Amino acid sequence: MSLKLKTIFLFWSVILITLFLPSTYFLDLLQKEIQRDVIYNVKKEINSVQFILEKCNFKKDKEFFDTFIKKIGKVIQDRITYITEDGIVIADSEVDKKRIKQLDNHASRPEIVQARTKKEGMSIRFSGTIHKKLIYYARKINSSHGLPKGYLRIARPYSTVAVVLGRIKKNIWGITIASLLLSGLLVYIFGASFFKRLNRFVTVAKAIGQGDFSRRIYNSPAKEFEPLVEAVNEMANNIEQYVATISKQKIEVEAILNGIDAGVVALDKQGKVVQYNKAFEKIFPNMKNYVGKSLLEITIDTNLHQSCQKALQQQINIKNLEIRIDKEFYNVNIIVIKKATDLGAIVVFHNISELKRVESMRKDFIANASHELRTPLTSIRGYTETLLDSDKIFKEKGKEMLRVILRNAEQMNYLLDDILKLSRIESGKEEFIFENINIYKIVEKSWESVKHLIKQKDIKFVNMIDKEIELISDRESLLHVFQNLIHNSIKFVPDKNAQIKAIFKQYKHEIWLGIWDNGPGIPHEEQDRIFERFYQVKKYVAKGIKGTGLGLSICRHLVHNLGGRIWVESPIKELGYGCIVWFSLPKRNN
Ligand SMILES: Nc1ncnc2c1ncn2[C@@H]1O[C@H](COP(=O)(O)OP(=O)(O)OP(=O)(O)O)[C@@H](O)[C@H]1O
Ligand SMILES: [Mg+2]
């Protein structure tokens, strides 16, 4: 129910209560007063009738008694009844003479019963004889004045009371209804202006709620509403300021995003696009709007889609994912957002096509140059060896120089071998033959082929690989890796009490193979770098330990191609020095 209706009803209820309660009390009082007044009059009347009757002597003419009573009755316009002590009616002003004898015995009438003991009696009830509600008043008459012993009774119609009372009631209810209508009208008129102001207030408040934060309320509907008006205006002020700040920040963030060269896209927790920058639109130009779409709808690259799902599900960042879109190559990083926002991840696309082209040119150049160098180098080695074999051309001093030339030429040959091998693997030209391989035997063979490189060192080699272990892998690659690792260890173990071991660890899906040595180990900060091309540990270069820095780089490529990883553990926990170069290989079924 509206406030307006409620107010009218409230007013009406108050008016009804204030009029109804006193009116009913007053009407009740009035009824009693009128009744008492009527009874008083009847009493006075009965005195007069009694006086007249006593003055007339009816002993001789009993017949005339009834006629006389009828006459007085007509004069006073009330019913007069005379009843004997036994209750027999002997005269009645309103009952036919012949019918009087047929009337009931009146001894048990309430007014008569009362008059018998108290001399006078009164009752208000319905008369069966004349079919009306009457007020009866009876008085006991002792026969000293020639009247028969009995009761004189006067009855007056109750309607005299009811008519007066009815008229007053009608007036009172009339006044009540008029007051209700008038008050309703007044409430309506006074309320209308209040509700008009209240409506204006509500309209403005609604507009603010719907986002029109510039609206304010200037007129309060009433004094009591002023704090509310102030609060609403202040709230609108604050919201307007917040919205302005947020809009400004949004513009700034968009400007920053669009200023970035890399394509950036923000995904929600389900992997659907929330926001993206201009560079992203350039990468995927064929769509009008990406918001709400998954990356799979934007690009068919399943690898990218799966990586995003993985990053979101496992809450891990995925870096350096390489994907190809049309003719361009991209390095993609997926950064998961762990904060409590709707955002799930940010995906950044760096175009690396140019980098790739340069890299490929560099590789081609190195491969070609190395290849071209090989032929002259072969003739240098050939001629040097021939010269060394002949005692006629060079004497001992000259031969010493020729040996240095040959050593360096051989060193250069190794280097060229390594460079060509690396470029073959990198360009995917290296072929792999997967077959069942016994690891123990491969290790033995590797050791045999490199042990001649040991010079003046006392090395104990232990092959601890389980003789039963067999793996499906590429024989040549494994030989190359083991030879490289063992050769490195040979270079670094001490001259005395040197130890090299081939060790392993079995896991459910892979096997770890390691070359263990008790050399000086590899400093922690350089353990990742030694797998880079040409990288050598600085302090060992300073000590003059020879190498090209390509061995481990080739090993890493080979191991990756076999489906494994390669890493360093140094120092060895039990020793406090030394190093293990581990690599893992997957257990394949075929
Ligand atoms: N077992 C080891 N102990 C200590 N340092 C090592 C060991 N193995 C490798 N290194 C360090 O890592 C560097 C890189 O090794 P890598 O096999 O790639 O190159 P290299 O042995 O120097 O040359 P290459 O193998 O091409 O003849 C080495 O120069 C050396 O400094
Ligand atoms: Mg090496």
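Modeller: Helices (H or I, at least four residues) and strands (E, at least two) are DSSP runs, numbered from the N terminus. This is a predicted model, in which local features need pLDDT of at least 70, side-chain atom pairs count only at pLDDT 80 or more, and totals for chains, interfaces and linings use all residues. Residues are numbered from 1 along each chain as its sequence is written, chains are lettered from A and ligands numbered from 1 in the order in which they are written, and side-chain values use heavy atoms, without hydrogens and water.

Biologist: How far apart are the end C-alpha atoms of residues 192-244?

Modeller: An unreviewed UniProt entry places "domain: HAMP" at these residues, 192-244. Such annotations may be inferred rather than shown by experiment. The chain there is 70% helix and 0% strand, and its end C-alpha atoms are separated by 38 Å.

Biologist: Which element gives the most residues to the shell around ligand 1?

Modeller: The shell divides into nine nonpolar, nine polar and three charged residues. Of the 21 residues around ligand 1, those that come nearest are Asn488, Lys491, Val537, Thr548 and Leu552, where near requires a heavy atom within 4 Å. With five residues, the element that gives the most is α13.

Biologist: Which residue has a backbone N or O atom 2.9 Å from an oxygen atom of ligand 1?

Modeller: A polar contact is a pair of N or O atoms within 3.5 Å. The side chain of Gln536 has an N or O atom 3.0 Å from a ligand 1 oxygen, and a polar backbone atom of Leu550 is 3.1 Å from one. The backbone atom at 2.9 Å belongs to Gly549.

How values were computed
A polar contact is a pair of N or O atoms within 3.5 Å; within protein, one must be able to donate a hydrogen and the other to accept it, and residues adjacent in sequence count only if both atoms are side-chain atoms. Ala, Val, Leu, Ile, Met, Phe, Trp, Tyr, Cys and Pro count as nonpolar, Asp, Glu, Lys and Arg as charged, and the others, Gly among them, as polar.
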